[in-house]
Amino acid sequence: MLYRYTTNTGGTPLQKAVIYTKKEHSIDPEKVDNDAKRIVKSLQQFGHDAYIVGGAVRDLLLGKSPKDFDIVTDATPARIKKLFRTARIIGKRFRLVHIHSGEKIFEVSTFRSLEDGTVGNRYGAMDDDALRRDFSLNALYYDPLNECVIDYVGGIRDISKRCIVPVIPLATIFSEDPVRIIRAIKYAAMTGFNLPFALRRQIRQDAWRLQEISPSRITEELFKIIDSGHSADIVSSAIKQDIYRYLQPEAASRLAENTAFARQYLAHLKKMDIVHKLSPKIQRGEKLTFMLVDYFSLLADWGQEYADGKSGTELYLQAWTGCRNFIRPMNPPCKEFDVAVRSMLKQFGVTVTGEGFVRRPRHRAKPDNLSQVLVSGQ
């Protein structure tokens with residue numbers, strides 16, 4: 001085990017970070033994406049510090065194969081863009097770089113400073129960057145070339161204790177950015193780690209701050225939950241911690257009032273998690289059907305109304321408007337929401353073409369397999 005040191009004003013050495021060598025951590029180098037290694041290697045060869053950071057390091061330490069590999073460096077976004085032909089700078093206030101490699105996208109960020117607090121946008125040093133990260137299990141840096149993990153905040157200790165520990169003081173962690181409340185609950189549900197009492201209490205005290213989050217950020221976080229493969233566990237925990245009413249107020253209200261609706265809603269989220277694991281590239285629009293189908297089924301007797309002569313266009317608009325109101329403040333892209341609405345209508349034999357033309361079957365169609373999964377609960 002190695003250490004990084006700094007000195008105080010009197011010149012006394014102070015320990016900054018613990019460096020775990022490849023003999024002291026459990027990361028399997030075979031589970032590290034080769035393109036992520038290539039990006040880190042290129043940055044280092046050009047004289048920059050560069051590491052894999054965050055959730056990928058956490059997953060590697062837990063023996064999992066990460067879905068995404070985020071990278072952090074002391075190189076600025078403009079410098080990164082010059083070094084990589086497929087790099088693209090994104091964001092306005094908080095500028096990041098996406099490096100494309102085939103179908104994969106690697107997010108590369110620059111070390112951030114604490115000068116303006118934990119939500120400022122100034123570039124800084126690795127020491128500050130570690131202290132800006134929300135929870136210790138996400139504040140670990142992995143060098144895939146030297147196969148070492150750098151830990152400034154006791155993250156490896158907290159992972160071994162299976163505990164979610166904030167890096168930022170409880171007094172300010174959620175007031176500075178309420179989205180961290182969602183992340184705390186998500187990380188606990190995904191890892192099975194414990195949320196300490198003090199952290200749970202602070203979540204309840206600051207939960208109202210989630211009302212301040214823009215619909216775009218709510219949408220982004222909910223899509224991360226949908227894409228996690230653990231949506232049922234995360235939503236169940238969000239309900240238990242009384243924050244789901246800020247993410248999906250209409251759904252939360254119905255879950256509290258109707259136990260049958262709650263049971264079916266969570267059952268469909270479990271089915272979505274299974275489908276996600278079996279077909280990771282399934283469209284997000286198809287995933288949305290699992291969140292919407294229970295409410296959709298209450299809106300109308302779709303098959304009967306269609307058989308009675310109501311046009312497919314009318315039914316489409318009715319379903320679109322009703323489901324949009326139900327899922328607010330989440331605001332999915334129209335293309336994905338269109339996929340969800342058409343998919344649910346199709347279960348009842350209603351087909352709406354791209355031009356709005358509806359093909360009416362000669363008889364009421366029986367639900368297909370997807371309908372049986374979604375509607376009958378089988």
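This report walks through a predicted model of one protein chain, from its overall make-up down to single residues.

Local features here need pLDDT of at least 70 and side-chain atom pairs count only at pLDDT 80 or more, while totals for chains, interfaces and linings use all residues. Residues are numbered from 1 along each chain as its sequence is written, and side-chain values use heavy atoms, with hydrogens and water left out.

**The big picture**

Let's start with the whole chain. The secondary structure comes to 18 helices and 11 strands; helices (H or I, at least four residues) and strands (E, at least two) are DSSP runs, numbered from the N terminus. Of the 378 residues, 49% count as buried. Buried means under 20% relative accessible area, exposed means over 50%, and partly exposed is in between (1.4 Å probe, protein chains only). Contacts are heavy atoms within 4.5 Å. Among contacts between residues at least 6 apart in sequence, 64% join residues at least 24 apart.

**The cores**

A nonpolar core is a set of buried Ala, Val, Leu, Ile, Met, Phe, Trp, Tyr and Cys residues joined through side-chain atoms within 4.5 Å. The largest one here has 96 residues, and the members that touch the most others are Ile-52, Tyr-244, Tyr-265 and Leu-288. Helix H7 (residues 179–191) gives this core its largest share, eight residues. Another core, of 15 residues, lies apart from it and includes Ala-17, Tyr-51, Val-72 and Ala-139.

What does Leu-288 touch, leaving out residues up to four places away in sequence? Its contacts are Phe-223, Ile-226, Ile-327, Met-330, Pro-332, Glu-336, Phe-337 and Ala-340.

**Helix H10 and its neighbours**

Two packed helices are described by the angle between their axes and the distance between the axes. For H10 (residues 231–240) and H13 (residues 259–278), the axes come within 7 Å and cross at roughly 145°. These axes are lines fitted to C-alpha atoms, for helices over the stretch in contact, and angles run from 0 to 180 degrees between N-to-C directions. On the H10 side the contact is made by Ser-231, Ala-232, Val-235 and Ser-236, and on the H13 side by Tyr-265, Leu-266, Leu-269, Lys-270, Met-272 and Asp-273. By class, that gives six nonpolar, two polar and two charged residues. Here Ala, Val, Leu, Ile, Met, Phe, Trp, Tyr, Cys and Pro count as nonpolar, Asp, Glu, Lys and Arg as charged, and the others, Gly among them, as polar.

The buried residues of H10 are Ser-231, Ala-232, Ile-234, Val-235, Ser-237 and Ala-238. They pack against H7, H9, H11 and H13.

**Strands side by side**

Two strands pair if DSSP finds at least two bridges between them. Strand S7 (residues 104–110) has partners in S4 and S6, as the table shows.

| Partner of S7 | Bridges | Direction | A residue and its partner in S7 |
|---|---|---|---|
| S6 (residues 96–101) | five | antiparallel | Ile-99 and Phe-106 |

S6 and S7 form a hairpin with two residues between them, and Gly-102 in that turn has a positive phi of about 65°.

Which residues other than glycine have a positive phi? One of them is Arg-162, at about 55°. Arg-162 is found in the loop between H5 (155–160) and H6 (170–176), and it is partly exposed, with a relative accessible area of 41%. Another is Asp-242, with phi near 65°.

The peptide bond from Arg-328 to Pro-329 is cis, with omega near 10°. Pro-329 is in the loop between H16 (312–327) and H17 (334–346).

Arg-209 is in the loop between H8 (197–206) and H9 (215–226). Leaving out residues up to four places away in sequence, Arg-209 touches Phe-174, Ser-175 and Pro-178. Phe-174 is 35 residues from Arg-209 along the chain, and their C-alpha atoms are separated by 7.9 Å.

**The cysteines**

How many disulfides are there, taking a disulfide as a pair of cysteine sulfur atoms within 2.5 Å? The count comes to zero. Cys-163 is buried, with a relative accessible area of 15%, and Cys-323 is buried as well, at 0%.

Notes: A disulfide is a pair of cysteine sulfur atoms within 2.5 Å.
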